[in-house]
Amino acid sequence: MQTSVVLFTCDLRLSDHPPLRAALHGGGRVVPLFVRDPAVDAAGFAAPNRLAFLSDCLRDLDARLRERGGRLVLREGDTVTEVCRVAAEADADEVHMAGDVSAFAHMRERRLRRALEADGRRLYVHDTVCTAVAPGAVTPASSDHFAVFTPYYRRWSAQGLRDALDAPGAVVVPEQVGSAPLPKRGDVNGVSPGLCAGGETEGRRRLTAWLRSGVAAYEECHDDLAGDATSRLSPHLHFGTLSPVEVVHRARRAGGAGAEAFVRQVAWRDFNRQVLAARPDAAARDYRTHRDRWRGGRDAEADAQTWREGRTGYPIVDAAMRQLRHEGWMHNRGRLLAASFLTKTLYVDWRVGARHFLDLLVDGDMANNQLNWQWMAGTGTDTRPNRVLNPVTQGKRYDPDGAYVRRWVEELADVKAAGVHEPWKLPAPERGSTGYPEPVVSLAEGLDRFKRARATA
Ligand SMILES: Cc1cc2nc3c(=O)[nH]c(=O)nc-3n(C[C@H](O)[C@H](O)[C@H](O)COP(=O)(O)OP(=O)(O)OC[C@H]3O[C@@H](n4cnc5c(N)ncnc54)[C@H](O)[C@@H]3O)c2cc1C
């Protein structure tokens with residue numbers, strides 16, 4: 001009987017899982033393997049919120065495998081060494097895994113292929129596991145990737161998706177392959193108090209609830225900060241507890257303008273992945289540089305620290321930053337405002353902000369985080385690189401009665417809608433009693449500094 005190893009990475013599910021399906025083809029035995037690799041931690045990915053979510057995912061994956069007669073095998077160490085070791089213990093002929101886009105993932109795949117081949121084994125890498133459309137499947141005539149979303153989206157939408165696959169009915173794991181104990185969420189320190197639960201079971205529950213009662217209003221309500229009317233599926237897409245192919249199929253079946261707008265956002269995720277696949281250096285370097293000489297030194301660090309702490313004196317920015325700390329997640333409009341404020345109003349390097357987001361975001365993701373930061377900093381694919389979001393006008397537009405600010409900024413919890421986005425305009429006694437900080441910089445000064453830096457003044 002043939003034996004295969006399935007290496008799980010960013011695809012922690014059983015439903016719609018092409019590597020698992022391929023490994024089980026013909027009724028063979030399978031080792032479902034996850035490797036906790038210290039190199040991933042050393043590269044700065046091991047943030048507490050993501051480790052806690054990961055623990056939920058691994059436990060849920062194990063439980064779902066056990067329902068089918070199998071179990072998850074967890075190993076700790078260098079991925080290549082551990083996969084080769086498990087393949088030898090199980091006497092496996094093949095290893096199956098999902099393709100991924102970061103420089104780290106590319107290197108891991110190359111090393112693994114070489115090592116397995118040296119042992120006489122084969123590595124199969126499957127696409128459309130972590131994206132709906134594979135990076136590179138659609139390209140413009142003159143380049144290896146799209147740098148503009150609209151034409152990408154046109155081609156992406158026209159691309160036929162493969163059918164979603166059911167979870168397997170039975171999984172037989174060779175007895176001789178042992179596992180390290182699975183981690184527990186409770187063992188992780190420094191987790192945000194409002195962190196959501198992980199795992200495929202929870203992801204599928206959320207997706208079903210979203211398509212039943214959330215997606216229809218998505219188009220009108222997705223920017224309503226207080227309404228919190230987005231799917232919150234990002235951690236599940238990041239850890240692969242949901243399949244993007246299945247998400248798109250099911251949303252399209254739900255139909256309507258809301259579902260269409262939602263699918264368009266999922267396409268943004270694929271868009272960023274095809275950029276990073278073609279330009280892995282964009283995780284750390286400007287995609288399109290303006291030769292920015294970002295502010296450095298003590299003043300800039302002090303300003304960045306007020307931003308991290310949600311004490312800039314701009315309520316909508318501070319609310320978003322405090323939501324991030326409390327939940328390990330932030331609304332997209334908040335992410336845009338927070339990133340614009342750091343990179344443009346404070347003129348601090350986008351990498352400083354991206355690092356802080358990666359330290360806290362449960363969905364913190366190389367492609368989506370770094371490239372969205374670059375978008376907002378104007379060093380990425382935005383065709384209007386010098387746009388600056390005004391936190392006061394944006395606050396009034398996307399949080400008109402101030403409910404989002406009052407929810408997260410406790411100093412302003414009792415301030416009425418009219419004053420909540422401009423607390424510096426409150427009458428002196430009321431303003432003083434809030435204890436809320438003065439603006440770290442005036443918007444006019446910040447804008448002027450940015451325009452001079454980009455030589456657009
Ligand atoms: C500075 C900044 C940093 C970001 N960092 C991340 C990150 O690390 N990880 C991450 O998944 N998203 C990131 N985003 C994109 C976006 O903010 C989140 O995906 C979204 O807020 C997640 O909430 P949701 O699941 O409710 O999204 P929904 O609005 O319900 O959208 C559905 C899905 O589409 C995808 N999506 C939505 N908006 C975007 C977008 N602008 N770019 C790419 N994909 C998108 C996500 O997978 C999301 O789950 C970032 C955006 C900005 C501006």
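1. Basis. The model is predicted: local features need pLDDT of at least 70, side-chain atom pairs count only at pLDDT 80 or more, and totals for chains, interfaces and linings use all residues. Residues are numbered from 1 along each chain as its sequence is written.

2. Domains. The protein chain is divided into domain 1 (3-127), domain 2 (131-161 + 199-278) and domain 3 (297-453); such bounds come from an automatic or database domain assignment. Between the C-alpha centres of domain 2 and domain 3 the distance is 26 Å.

3. Contact of domains 2 and 3. Here 17 residues of domain 2 are in contact with 19 residues of domain 3 (contact: C-beta atoms, placed from the backbone, within 7 Å). On the domain 2 side, α9 (234-239) and α11 (257-278) each supply at least two residues, and the largest share, 5 residues, comes from α11. By class, that side has 7 nonpolar, 4 polar and 6 charged residues (nonpolar: Ala, Val, Leu, Ile, Met, Phe, Trp, Tyr, Cys and Pro; charged: Asp, Glu, Lys and Arg; polar: the others, Gly among them).

4. Sheet. An open sheet of 5 strands has the order β3-β2-β1-β4-β5, with parallel pairing. Helices (H or I, at least four residues) and strands (E, at least two) are DSSP runs, numbered from the N terminus, and two strands pair if DSSP finds at least two bridges between them. β3 (73-76) and β5 (122-126) are at the edges with a single partner strand each, so one side of each has no neighbour in the sheet. Neighbouring strands are turned by 30 degrees against each other on average, direction ignored.

5. Pairing and packing. Strand β4 (residues 94-98) is joined to β5 by 5 bridges; Ala98 has His126 of β5 as its bridge partner. Helix α4 (residues 79-90) packs on the sheet and touches β1 (3-8), β2 (29-36), β3 and β4; its direction makes about 155 degrees with that of β2 (axes are lines fitted to C-alpha atoms, for helices over the stretch in contact; angles run from 0 to 180 degrees between N-to-C directions).

6. Gln2. This residue is in the segment before β1. Gln2 is partly exposed, with 15 other C-beta atoms within 10 Å (buried: 20 or more; exposed: 12 or fewer; partly exposed: in between; C-beta atoms placed from the backbone). Not counting residues up to four places away in sequence, Gln2 touches Gly26, Gly28 and Asp93.

Conventions:
Contact = placed C-beta atoms within 7 Å.
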